[in-house]
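This briefing is meant to be read with the sequence and the model side by side.

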Amino acid sequence: MKALVLKSYGKNARPVFETLPQPVVKDNEILVKVHAVGLNPIDNMIPAGTFKPILHFKLPAVMGSDLAGTVVRTGKSVTRFHPGDAIYASIFDMDKGALSEYVAVPESAASLKPQSLDFTEAASLPMVALTSSQVFECVNLQAGQRVFISAGSGGIGTFAIQLARYLGAHVATTTSTGNIEFVRGLGAQHVIDYKTHEFEKELSGYDVVLATLRGDTTEKAIKILRPGGKVVSLTGPVDLPFARRRKMNPVMKALFWLMSRKINVLAARRQIRYGFHFVHPDGDRLADIAALVDAGKLVPVIDRVFSFEDTLSALSYLKTGHAKGKVVIAFQPEA
């Protein structure tokens, strides 16, 4: 089978296509014929080694994490799926990749895909849906609270806005001039053009911040939170609680404490709670998301679809940061 494989880390490292044997399915896994894969910004960060210290990723390794496809075979312990089932899943941080013609997926990471979506649409959802849902659960987002989501037209932003509005929150976001009406259409009530305005000077008294951008956005976002507010970053700095959850050695714990010291001091001064979130696969949660999608409460947002053969071009396009929603890889349809 054909797969996109990363062989080494480095500033200019690029994955390559290789022919690999079909995966051997463990007792708790399903073998999936992949129809589509959703790309995520971290797919461009991994080759550079950015997340090497914290990812369960051994080289050489198949790239990608979000997939949708058809079950071909099941392990003997599998009870929830059968050959022919249409599923979607995230296998992020599982030392396996989705950009392959066949993938062995743990039963616990998969769900039947939303019936109202095709495979390409379904593959766009796992990472953004799980991240948004897990963060909002972590901060206990309540109806009537105010949440700021940076980069509203990006992959995470387009889904998080919808989910926050479904949960009854008031949503503010940032985007470029041309995308203002687009993110309003997703449910954002306060939209700030980051090219002409600074969100930290326009917003105040917010309950929650979901920070999706690298740089100083998270530090700026602390200024808009009320005392007791919560800021969750998807890009770092990585903090000590994360290192503890991952059971890292004392050296890494000390390093991440040091890396997050500045943001924690800034947060403490304003009585704000800071946290770094790393998404984890969860098939049960994807089943809940599928139900909301099929009920018309949430919709996928896809910017462009590339063929499997053009995955490297798709990754380059995603790296520009101009995608409005998700970039998805579509495999050749099953004969």
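This is a predicted model: local features need pLDDT of at least 70, side-chain atom pairs count only at pLDDT 80 or more; totals for chains, interfaces and linings use all residues.

**Backbone features in loops**
- A cis peptide bond also joins L59 and P60, where omega is about -5°, and P60 is placed in the loop between α1 (42-45) and β4 (61-62).
- A151, a residue other than glycine, has a positive phi near 55°, and A151 belongs to the loop between β9 (146-149) and α4.

**Packing of α3 against α4**
- The axes of helix α3 (residues 126-138) and helix α4 (residues 155-166) come within 9 Å and cross at roughly 50°, and the two helices are therefore oblique to each other.
- The crossing in which α3 passes α4 is right-handed.
- On the α3 side the contact is made by M127, V128, A129, T131, S132, S133 and F136, while α4 contributes G155, I156, F159, A160, L163 and A164.
- Sorted by class, the contact of α3 with α4 holds 9 nonpolar and 4 polar residues, with no charged residues.

**Packing of α3 against α10**
- Helix α10 (residues 283-294) packs with α3 at an angle of about 100°, the axes being 10 Å apart, and α3 is therefore roughly perpendicular to α10.
- In this contact P126, A129, L130, S133, Q134 and E137 of α3 meet R285, L286 and I289 of α10.
- The residues of the contact of α3 with α10 comprise 5 nonpolar, 2 polar and 2 charged.

**The second largest pocket**
- The volume of the second largest pocket is about 430 Å³, and its lining consists of 20 residues, of which C138, R245, F276, H277 and F278 lie nearest the centre.
- By class, the lining of the second largest pocket divides into 9 nonpolar, 4 polar and 7 charged residues.

Terms used. Residues are numbered from 1 along each chain as its sequence is written. Side-chain values use heavy atoms; hydrogens and water are left out. Axes are lines fitted to C-alpha atoms, for helices over the stretch in contact, and angles run from 0 to 180 degrees between N-to-C directions. Helices (H or I, at least four residues) and strands (E, at least two) are DSSP runs, numbered from the N terminus. Angles under 35 degrees count as roughly parallel, over 145 as roughly antiparallel, 65 to 115 as roughly perpendicular and the rest as oblique. A crossing is left-handed if the near helix is turned anticlockwise from the far one by less than a right angle, and right-handed if clockwise. Contact means heavy atoms within 4.5 Å. Ala, Val, Leu, Ile, Met, Phe, Trp, Tyr, Cys and Pro count as nonpolar, Asp, Glu, Lys and Arg as charged, and the others, Gly among them, as polar. On a 1 Å grid over the protein atoms alone, a cavity is a set of points where a 1.4 Å probe fits but cannot get out, and a pocket is an open set with protein on both sides within 12 Å along at least five of seven lines; lining residues have an atom within 4 Å of a point. Grid points are joined across faces, edges and corners, and a volume is the space filled by probe spheres set on the points.
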